[in-house]
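Have the sequence and the model side by side.

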Amino acid sequence: MSKPLPKKLKGDFENNSSELSNPQEEPLTIGRGRGRGESSTDSSSTSGSRRKIKETESEKSSIPSELRKDGREQWLASNKPIYTTRPEHITCKKTDGGQNENELYANYFRIGIPQNFEFAQYRVDFSPDIDMIKLRRYLVAKCSNKIRGYVYDGGNLVYLTRRLPQDSIVIPITTEQQNQYDVKFKFTNVTIKSTDSTAMMVLNCILRNAMRGLNLKLIQRNLYDEPAKILINEYRLELWPGYETSIRQHERDILVCCEISHKVMRFDTVYSILQSKEHDRVPEIRTAFSKEIIGTVVLTRYNNRTYRIDDVRFDLNPKSTFKAGDKEISFIEYYKTRYNLIINDPKQPLLVSNPKARDIRDGRNEPVLLIPELCFTTGLTDSMRSDFNVMKRLGEYTRMDPTKRVERLEEFSRRMNQTEGCFQKLESFGVNLDRQLLRVSGRILKQEQILFGQGRSNQNDFKADWTQGIRNPMYTNVALQRWGIIYPSRSERDFNEFMKIFEEVARGQNFEMGAPKYSVINDDRPRTYADALESFCARDPKFVMVILPNNNAERYKIVKTITYVNRGIPSQVIVQRTIQPKKGSMAGVKSIATKILIQINAKLGGVPWMINIPLSGLMTIGFDVSHDTNDKSKSYGAFVASMDLKLKVSFFSTVSEHRNGEECSNNIGVHMQKALMAWREENGSFPERILFYRDGVGDGQIQYVHEIEVRKIKDVLRGCYGDKFPKFAFVVVSKRINTRIFNKTGGRRYENPVSGTVVDDDVTLPERYDFFLISQSVRQGTVSPTSYNIIDDSFGLPPERMQMLTYKMCHLYYNWSGTTRVPAVVQYAHKLSVLVGQFLHITPNLNLDKSLYYL
């Protein structure tokens, strides 16, 4: 007999009440949208491990008493003002310097609203009390003939398009099952106008509801067009196109940002993954299966819902029973009765999906149990991401050029304005969507001159690529002495050919290189590499090169752990296939050898190239965070600071561990102090100017960063400088945004704007001192600009100088002979945090702090 299922583990058949059928009108849902194209629709929201800013005691005390119990979250969201980070002395952030580029467009549409646009806020209560959000929405919808237009999120607040005759009314509702409810609406004395922050939330709700007329499927937070899905049968994949939208008040207009998105669906079920483990005789199958599936998102096609898998219950199976009403029923019986689905394997384990906060508010606080063979996997596996052919095939559809992307965006606007179910819903609220993309003003910054050794230089063009120039001698070299190479015996032929070319490249670069010591190993087992490295490092080398047969992560981890953690020695790992001739030609090998030599020189403290830096005494800092792939409770914050680039090019790097997935580092002040001490040790005094670039910050974290991190940094600066405070600027860098910029070239053709394009008006935000910069050059797909939000500034530089200085800093990443999407120090910090979070899982040796060993 099957073991009864505990009550707290009922399946996904909760809340199937027939009370919820046939509502008169589909109610609106509060969307958590992407503020200015961020990764969600409510700019004040956070997700995943992002820090949630708790309300202060004063905020708690200001909440009306009748809302403190269960309406506190909605009340705070409705009344929270937009957080302003624009420094008071910045009266104008738009500049006129640089070459104008007039035919620029952005993926935004204007939203038109009536002049008298306003909503009355009401509190809604139910008698008897109801926890289920679906039933709440159903009952409010039944009241629509009396309250008319409304926006309701299922909580305690509803927004009406007009005031009711009385401040408080009670509407009795009788359901189809003859159940009696009283729905009470009470005016809160709050009126939402177009200038209020809550108005943007309401508009987002209206737009999302109107988009339902396009018959899109809601998957997690975004809407996808299942009928337009693309089948990629050779890889058992489906690609669902969709849209990500958000409405926000920009400089002069209310705009909706619309970006094309795609959702990868796989033909494989979770059950097929379990079968593959059994077929391959994977050791510890349960552990391996759980590790692969926990944290993934699955789709159940029988109800078209997605779930995040949080656990696997091997002690339960489809024959397990649960109590449905007055009787026990098994999962096999349930799915046959409810969905006419037959479960083939009665012994498979069950998957657990824990309720989210929204589910709990919906009255479901119990985990959902799912059947593996009914759950389809979504997204890409790590092996798929590393498969060039898979990514190339997907890129044929997802990597759209600007012209194709604009066509898709205009098609969205056309469908919204021509589909009856869409435009009628918008018109019912007096809202309209512009048919044309927004035209924006932009400028092109001056291109940089790349400086090499022996007085040579290369004038950069708009392609932002100086690969041909790296054949010049490097700006400064550091001799490679007391070094060695470890390689497997079966790679000897390829290795010897590579070393001939490598030595030739070094001579051409005037790079001094001593004779290396060789260590040949007989096999490529990780343990053999470890023993050879430990033996070699005992000789106190200054540098180690290691040849690996393939991209095996375990070997790479061993090499980097021994050299970076145990010994504090910079190392260079080379995969054998990268130094093998392609189609019999050695030209590609020579290019690889040149890039490896540049990396080695940078790791030793040399400078491959340089640019003209206009300011002396300037320290630039980059900070980023990556999560530990082995321990989700840990993350690593990497801090990289440049020394005086005008006098001597060098960098200081440090990294620290953070618990509980915190992205906002509590140790940022300690990092700052270490960097200042390193500067003083090298230059004899502290820097005059400090420019701090902070990556990895969501909209919901900006207030914390502004009030906590910046304060900690300033406390350190006061301790070091006393009354003579340095010029200081703190810039939040955002890469994961939905904003796209297009350059119209004539007719209906569009192309990517060139490197150095700046947009500082129209689509920027009035409460910020911000700008968009396209610093990289993209040959395929549509370029993504980077957003820079200056939240603290005492530099005294005009906006165009800050933009130009930021662009200059995108030329100094020595792993790429071109401009990067973010300033080099930010890219270095990202590289360091990923190295530690994915491979080392422990902070590196302090002896490496003054080198770019992680390149």
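Strand E18, residues 350-353, is covered on both faces. Leu-350 and Val-352 lie on one side, Leu-351 and Ser-353 lie on the other, and all of them are buried. Buried here means under 20% relative accessible area, exposed means over 50%, and partly exposed is in between, using a 1.4 Å probe and the protein chains only. Strands (E, at least two residues) and helices (H or I, at least four) are DSSP runs, numbered from the N terminus.

This is a predicted model, in which local features need pLDDT of at least 70 and side-chain atom pairs count only at pLDDT 80 or more, while totals for chains, interfaces and linings use all residues. Residues are numbered from 1 along each chain as its sequence is written, and side-chain values use heavy atoms, with hydrogens and water left out.

Now take the whole protein. It has 21 helices and 38 strands. Of its 855 residues, 55% count as buried. Contact means heavy atoms within 4.5 Å. Among contacts with a separation of 6 or more, 72% are between residues 24 or more positions apart.

In soluble globular proteins, nonpolar side chains tend to be buried together. A nonpolar core is a set of buried Ala, Val, Leu, Ile, Met, Phe, Trp, Tyr and Cys residues joined through side-chain atoms within 4.5 Å. The largest one in this model has 84 residues, and Phe-502, Tyr-814 and Tyr-828 have the most contacts inside it. Helix H21 (residues 824-840) gives the largest share of this core, 9 residues. Beyond its neighbours within four places in sequence, Tyr-814 touches residues including Ile-598, Trp-609, Phe-651, Tyr-828 and Leu-855. Another core, of 41 residues, lies apart from the largest one and has Cys-205, Leu-223, Met-400 and Leu-426 among its members.

How confident is the predictor? The average pLDDT, a confidence for each residue from 0 to 100, is 86 for the protein, and 89% of the residues score at least 70. Over residues 1-79 the pLDDT is below 50, though this stretch has 210 contacts in the model beyond near neighbours in sequence.

Technical notes
pLDDT = per-residue confidence, 0-100.
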